[in-house]
Amino acid sequence: MTVTLEPGFLDGRVALVTGGARGIGLEVVRGLASHGASVVLCDLDADAAHAAAEATPGDIRVVTGDLTADGVPERVVAEAAGWHDRLDVVVNNAGYTWDGMAHKMGDRQFQAMLDIHLVAPFRILRAAAPHLREPAKRDAAAGREVFRKVVNVSSTSGVMGNPGQANYAAGKAGIVGVTKTLAREWGALRINVNAVAFGFVDTRLTSDAADAEVVVVDGAAHELGVPTAVREQVSASIPLGRFGTPEEAAGGVLFLCSPWSDFVHGQVLNVTGGQLTGMSS
Ligand SMILES: NC(=O)c1ccc[n+]([C@@H]2O[C@H](COP(=O)([O-])OP(=O)(O)OC[C@H]3O[C@@H](n4cnc5c(N)ncnc54)[C@H](O)[C@@H]3O)[C@@H](O)[C@H]2O)c1
């Protein structure tokens, strides 16, 4: 059988994208919607989420909440799955940074990065499990091979380390373990579970620290951004010579949501412009 990507290859499918209000997540929302999916855009930032949904053509529903708060991942999944009575694609993308050197890092700072990059995605996937697995069992019983998709967002920090990010790297490494384990648990049901490890992508997370934006989570404000000198140093270490765009980053996720990746399973796709600096195994 030849795998072809028809323009509406996600017609009738429902996708949940966390952190979809801006940056890479918004480009994933746009890409999925433009190929026919009904997309649940989940974000902490209600104003940005509604503005993004209004500016995006397609069938988009906004669900807001802090995914690190008790009960929110479960509510988000229930709303997503209840919307059109199905859930086919889950993209765990929401995140932020709270950098600091390990020897000065407090417990709350360390835990916060595990909460958003590891615990929240796990809770989302645990809540999504019946909505992905039960229809998959019915498809299998009827002799239909239908692929469902999970994409977890990791980082080169998680797979290679990055100074100042012991907390973030731990969360981003942990989600790789969850990805590979669920790939083994859910593969027989044709639920592809993969991760993307982004390098440096031009969003507010990596913008020049001089123009840093602030994210407020659980009442605490965190300055985002990267110092100018580090931005220059990093660009020089990327074989393609520059940071990626959010659209380019989203491309890796969209591939993993498409039929072209049906036999790609339990993998971490590096979307880095070729940058592979850090401690590799
Ligand atoms: N930009 C990069 O260079 C880069 C590199 C590696 C990995 N990543 C990862 O890619 C993902 C997207 O990052 P981005 O660069 O597009 O950042 P971004 O700040 O542009 O977008 C992230 C979105 O996540 C939302 N969010 C944050 N915390 C949340 C919470 N607790 N609950 C719900 N929503 C929340 C934010 O409101 C924001 O809209 C993140 O997981 C990030 O760690 C980014």
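## The ligand site

A polar side-chain atom of K172 lies 2.9 Å from an oxygen atom of the ligand. This pair is a polar contact (N or O atoms within 3.5 Å; within protein, one must be able to donate a hydrogen and the other to accept it, and residues adjacent in sequence count only if both atoms are side-chain atoms). The protein buries 98% of the 820 Å² that the ligand exposes when taken alone. Those areas come from the Shrake-Rupley method with a 1.4 Å probe; for residues, only the protein chains shown count as cover. The model is predicted: local features need pLDDT of at least 70, side-chain atom pairs count only at pLDDT 80 or more, and totals for chains, interfaces and linings use all residues. Residues are numbered from 1 along each chain as its sequence is written, and side-chain values use heavy atoms, with hydrogens and water left out.

Backbone atoms also meet the ligand. A backbone N or O atom of L44 is 3.2 Å from a ligand nitrogen atom. For L67, a polar backbone atom lies 3.0 Å from a nitrogen atom of the ligand. In total, 30 residues surround the ligand; such a residue has a heavy atom within 4 Å of the molecule. The closest are D43, N93, Y168, T203 and R204. Helix 1 (23-34), helix 4, strand 5 and helix 6 each give the shell at least two residues. Strand 5 gives the largest share, 3 residues. Helices (H or I, at least four residues) and strands (E, at least two) are DSSP runs, numbered from the N terminus.

## The nonpolar cores

A nonpolar core is a set of buried Ala, Val, Leu, Ile, Met, Phe, Trp, Tyr and Cys residues joined through side-chain atoms within 4.5 Å. Buried means under 20% relative accessible area, exposed means over 50%, and partly exposed lies in between (1.4 Å probe, protein chains only). The largest core has 39 residues. Those with the most contacts inside it are L16, L67, L87, V90, Y96, V150 and W186. Several elements supply at least two residues each, among them strand 1 (14-18), strand 2 (38-43), helix 3 (72-83) and helix 6 (166-186). Helix 4 brings the largest share, 11 residues.

What does L16 touch, not counting residues up to four places away in sequence? Its partners are V40, C42, V76, V77, A80, L87, V89, V90, V91 and I124. Contact here means heavy atoms within 4.5 Å. Another core, of 33 residues, lies apart from the largest one. Among its members are A15, V29, A37 and V153.

## Helix 6

Helix 6 has 21 residues. From first C-alpha to last, helix 6 reaches 30 Å, close to the 30 Å expected at 1.5 Å a residue. The expected span is 1.5 Å times one less than the number of residues.

The buried residues of helix 6 include Y168, K172, L182 and W186. What covers the buried residues of helix 6? The cover includes helix 4, strand 5 (148-155), helix 5 (156-160), strand 6 and strand 9 (268-271).

N92 lies in strand 4 (residues 89-92). N92 is buried, with a relative accessible area of 5%. Its side chain makes a polar contact with the side chain of N152, at 3.0 Å. Leaving aside neighbours within four places in sequence, N92 is in contact with T18, P121, I124, L125, V151, N152 and V153.

E27 sits in helix 1. Its relative accessible area is 14%, so E27 is buried. Not counting residues up to four places away in sequence, E27 touches P246, E247 and A250.

L256 belongs to helix 8 (residues 246-256). L256 is buried, at a relative accessible area of 2%. Its C-alpha is separated by 8.7 Å from that of V193, 63 residues apart along the chain. Beyond neighbours within four places in sequence, the contacts of L256 are K149, V151, N194, A195, V196, S261, V264 and L269.

## Positive phi in two loops

Most residues other than glycine have a negative phi. R190, which is not a glycine, has a positive phi of about 65 degrees. R190 is in the loop between helix 6 and strand 6. R190 is partly exposed, with a relative accessible area of 32%.

D218 has a positive phi too, near 55 degrees. The loop between strand 7 and strand 8 (220-223) holds D218. Is D218 buried or exposed? D218 is exposed, with a relative accessible area of 59%.
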